[in-house]
Amino acid sequence: MSIAQSNKFGFTINRSRLIDYDSSDRKVREFITLKEPSFRLCFACGGCTATCTAGQHTSFNLRRMNTYIRRGEIEPLREEVKRCMLCGKCLLVCPRGVNTRNVVAAAADAIGKLERNEL
Amino acid sequence: MKTTSAHIVVAGGGVAGMEAAGTLAEMGYRVTMIEKDDEPGGHLLQWHALFPDRRPADEVRNYLRKHIEQRNLSIITGTTVEKIRHHGSGVLVSLSGGTEEKADAVIVATGFDLFDARRKEEYGYGIYDNVITSAELEGMFNRGRVAKADGSVPARIGLIHCVGSRDEKVNNNHCSKVCCVTAVKQAIEIRKMLPSCEVFCFYMDMRMYGPYYEELYRESQEFHNVNFIRGKVSEASVNINNRLVIKVEDTLAGRPLKMELDIMVLMVGMEMAGAGMKLAESSGMKRGINRFLETADHHYGNNLSGIKGIFYAGTCTAPMNITDTISHARAAVAETVRYLNSR
Amino acid sequence: MNSELFTLPFNLGLYFILIYSVVRSTVWFRNLSRSDKLRLQRGFFGRPFMDSLREISMESLLHLKIFRKNPVLGYMHMSLAFGWFLLIVFGTIEADFFGEKHLNPPSHAIFFRWFNPDHGAEGFAGIYSFWMDLLLAFILSGLLLAIIKRFTPRLMGMKKTTKHTWTDRIALTSLWLIFPSRLLAESFTCGVHGSGSFLTGNLGNALASFLPAADIAPWFWWLYSLSLGTFFFLLPVSRYFHIPVELFLIFMRNSGISTGDRHSSYTEVQTHACSSCGVCISTCQMSYAAGIHDIQSAYFIKGLRNDRDIAGITANCLMCGRCEEVCPVGIELGPMRLIERRQGERSDRTLKLQEKYSLMRRRSTLERRPTQSYRYLVREEPEKADVLFFAGCMTHLTPSVIVAMKKIMDSAGVRYRFMDENGGVCCGRPLMLAGRDREARELINHNSDVIWKSGAQILVTSCPICYKVFRESYYLEARVMHHSEFINLLIEEGSLRLGYLHKKVVYHDPCELGRGSGIYEEPRAVISYVAELQSSEQERNMSLCCGGSLGNLTLSSGKRAMIAADAARTLTLGLPDELITACPLCKKTFVQATETKVSDIAELVAAALPAPRRENAKKRPARRHSRATSNG
Amino acid sequence: MKPEGKKRIWAEYQKEIPDDHFFYVRSCIRQTFFAGSEQYFLKILRDDLGKDVFEDPRHTTCTGIGYHGDVVPFETIQAVVARHFALATEAGYRHIAISCVTSFGIYSEILETWKHFPETLERTREDLYKATGRTFEVPETISHTSDIIYKFRDQIARKAKYNLVDINTGKPLKVVEHIGCHYSKMFPKYGVGGAEFPHVLVGMVEAWGGDIIDYPERRHCCGFGFRQYLVQANRGYSLFASRKKFESMEPYRPDMIIANCPGCTMFMDRWQYTIREIDGITYGADGQGIPVLTYEEVAGLILGYNPWELGLQYHNVQSLPLLRRMGIKADPSERFLAKDGSRLPEPANLING
């Protein structure tokens, strides 16, 4: 946190890290589940993240992204979803047969729709 | 069959006790089964449907009831076994009424107690209206209606795994084995009964070790949209709308999570039964690290007490599901017969 | 009797369709890019025009392609198209030759019998009448087949046929009515006048013997004219519009115009040139192996034509390219789908331009989304190498292929650098297949930079997906080779000593390598060098897709498995010892689908390598590979 | 809510609170910021309840703030606490009454350590003797001063001149109770009612006629957290924690907050002002803030003492609306008048001054 806050106290109120499920936005989750029902099947093993091509270069983490979508946490998703290369390696390692590429594609579509207020 | 005149006391009339007693009686032995409640059946009496196939619990209950309807099997209900001591070549079994039974061997099948959820004070069981245990939820299924204390229909239910299991704070380091799959089963049943009700399982690990368990887990996600959040619920409170508010870390997101629930179901684990514990104290039976009865060998002496004429069956030795309990009881019968024949 | 009023529907329809065609063609022409306009203009005065005429007569009239594939279906199309064409040509000649004047309006040719009821009783005119009756019979036989096909498609070797819209139904009915009504109109007239040849004459006499033919005849002439008029009016809004449009398409194609990467007049012409014949449907593995019957190219094109929301159809395709191989009209179905998948990339500006100039306004499937960004990629400074080996993302999941390639290259003494040994950057093709060219460009730029900096002469890849994009979308100095090509080169150069394996193997052409890049011979040459190569029912350009395709975004794993199982079954009919493929994705997919051992071509070759001898390997001088040694 | 459930838990966590003869140790924060509270604790116990409370002027800080700020080692703080025990031993007292929750936590931590690791007790005896020449006996009991007020809550209620009741509506005041973390979260058995549902303040409020609000973030820390506050850059965490509590209690429209910890009382009061300055949000009815009172201040009001002598005017959130509701007549103009009539300095940052 930056100390050089412009108020008279020299500090401000920290932002919450809490996932407040009751006030979170679950429209993205609903959209993705509709477009790619296998999204439900993820049990967060992390195989996708371990094999991820983009993940060798950046913080992209599909397992975490799926978790965020399920919790309705959209903010971290906006940047995260852009990092995937759609190479499809994750598709081949998923033990639950989740159509991972389409999950990412649908997430990107959902974010686009969200920005245009179409969701 | 020179030993068929032998008399065997079975301490406990739950699944293990009934299976052991019935099998021994079938083989021609004289059997006395001691049950502390008014009716044999144990915890199974409360259950509505069984995992993983959700068959009615009645089917197994009926099998066991028929199994113990035998001429040479007598049942003493409302009674506990207080002490077992050696007497000649056999044993003398003291009962709570003050009477004694002479027997050639005893099978201890005192089973388990469900964890007393009040010991996890932070969950507010016994304080908040809509905090219930898995056994109470099963009761709701029996009555055919899942509802809040005020009778209204819940919109969101949370199932809290590992309540009283894998928890040093309540002195239980063991896994109760059956709660994970019970939670998944109950989650599916809730979703089927109340399709508009969201269901969340809060788990530390999903331990789906038995046949069809993992498949049930998958089914719950694929067809019933049951949600899973990996994290141990730390506390519950009630907000102004009288909804429960729980705090948990979503360990997969690495962030704390807050959620309102209408009903919070505590998946209570198994503990060594109090009655069994007293019997073990008085009769010199060793207990292991989690207070369950310690068997002579974990691999090949799993029904042996190490004391002549005393054998163990079922969940008095460790948490087990019904399938394993029945197998364990039959194995106890085999050990008992071997002992009687070798005398 | 001489009232010409009944010709009115025909005349109106005819002039409507002629004017419409001219206007539509003009619009299409105007919307072409400058270079395409130039191509078309040059083509009109050059060979392309003649080529087009030949193609039109071969395909649009004679339907030779369909004929070869299915003679009955071919005959049906030929009788209707070519028969009708001949009927018009000879009818016009007849009217001009035997009519009152020598240049007549079209209606005089079409309704010749009405205007000349006594004509053709004898002599040369009689022979001509006989010829005209023969043509009519030819057409009617085709029509009979068409009706049979409509109701029992299986008889014609068609598993599925396309569904019709209501305009299609009316157009179809009027089309079907044209020739029977002509037959009856001519017959009744001939019956009254005792003229006509074997068909119209005899039928006319028979009908006139018990019916008031003179009174009935005008009704059928009306019906004939109405059917023609209705058909002409509905033509632009029915599937039969493909008949005139196909002519235009053939000319455009022969002039060198291709699909490109966005919607244009050409894609529109292709859309309207589809006859909805349904050949693509029965060829589609998604249909017959996975039971998905609503996403095939015919439906895709139909959705485009009718401006439906086809986002789901567009995404749900393996992009294997088999339908394109069999399309009798030659529509570039793959590129067309990719254009649709790219919808999300369009900026507002290109959208507006498209809406302004194109008749195809496709707003319904529009999906704009945030663009991917790979700014996190760090520029690399690679070591110099003659040969650069890029295994590809998927190949990292089949490490045996990498081990085999290392062995082969070491054995041949190739000095190579393993570009993505520690995990590389995706080639960009999967993004392109998902319609995200702009993002793919970022990855292409990154990888190109590494390849250029390495100074490599040859870029070898084990993945056909990478191979295709390296060849088509990268600007490289290095020669791009799939490892099957490279191994073939090493064998031809004599730098690879291989034993013979005494195995029967079957080869599966990966979509991106075979149909996608036209590499059929090199893998076969390599395999034949080390083992006995069986042929398969479906190979080369008709090779099956393994089902694992990255081209499909939405297909479930279960459906993929069904396609894989079916393809593996077909491939292993000859009970081979091994199923050889040349793509890590195909390999991973087939391994789960068949009991037969599945290997990559590199693994097969590596197995044929002699046992390594230490000193030998050390002595062999490293070979330099340059453009000079290669044949490309 | 099932009251019998809570009663069962309370029954399980009953600690021994002595009846008389206390050795009093003060709190650094309270003697500075809530001097009236400590003063009136002594006054109520001595004058109203007739108890013997002994205070040795030689007693010092427990160094708890230094200890939790990682500058005072455990050995040192044991010696400091042992010195207080020595003073008590020398004065003949066996029961310690501790004014500060931080100190209380430290005393309990040290006593538990000595119990489980007797060698540390011996080491401390040695350290203290070497440093001061004093010896000591481990006290029989330690009580937080709120425990003592809790014990005598019914006696106070019997002497009450006012109740925690709104005189306009006749309804009980809605009170938020806040327990200092170090009171019982470390060792539930040291707190009345345990850690999850402590009874110490609930008992007082109920005995004096008020209603307790059970809001979701009841257990949450006020945010003081020593290092959170002591390091300026970390104060955002501290503020955030307090705000979380305020937002959670706000829907219940509480009339007041009662706290038993010096840090909590101070920060839940001060931060209301800071949050208003930073975010422009003022909690409480009509933007008046939620008054934060110590249990002695509440007890003093109940017993009819002058609010300005109790020191209520030195809170950022002024209590005038609360006093009006309780029917306590207090002249606002006398807030900053000393006994001799001279003017006391007026605090600058009052939320509803």
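Student: Which residues of α19(C) are buried?
Tutor: This is a predicted model, in which local features need pLDDT of at least 70, side-chain atom pairs count only at pLDDT 80 or more, and totals for chains, interfaces and linings use all residues. Residues are numbered from 1 along each chain as its sequence is written, with chains lettered from A and ligands numbered from 1 in the order written. A residue is buried if 20 or more other C-beta atoms, placed from the backbone, lie within 10 Å of its own. In α19(C) the buried residues are C:Leu333, C:Gly334, C:Met336, C:Arg337, C:Leu338, C:Ile339, C:Glu340 and C:Arg341.

Student: Against which helices do the buried residues of α19(C) pack?
Tutor: Helices are DSSP runs (H or I, at least four residues), numbered from the N terminus. Helix α19 (residues 333-341) of chain C is mostly covered, with 8 of its 9 residues buried. Contact needs C-beta atoms, placed from the backbone, within 7 Å. The partners of these buried residues in chain C are α13 (265-273), α16 (297-305), α17 (311-315) and α18 (322-326).

Student: Why is α25(C) oblique to α26(C)?
Tutor: Axes are lines fitted to C-alpha atoms over the stretch in contact, with angles from 0 to 180 degrees between N-to-C directions. Angles under 35 degrees count as roughly parallel, over 145 as roughly antiparallel, 65 to 115 as roughly perpendicular and the rest as oblique. The axes of α25 (residues 483-493) and α26 (residues 521-530) of chain C come within 8 Å and cross at roughly 55°. That angle makes α25(C), relative to α26(C), oblique.

Student: Which residues of α26(C) does α25(C) meet?
Tutor: The α25(C) side consists of C:Ser484, C:Glu485, C:Ile487, C:Asn488 and C:Ile491.

Notes. Helices (H or I, at least four residues) and strands (E, at least two) are DSSP runs, numbered from the N terminus. Two residues are in contact if their C-beta atoms, placed from the backbone, lie within 7 Å. A residue is buried if 20 or more other C-beta atoms lie within 10 Å of its own, exposed if 12 or fewer, and partly exposed in between; C-beta atoms are placed from the backbone.
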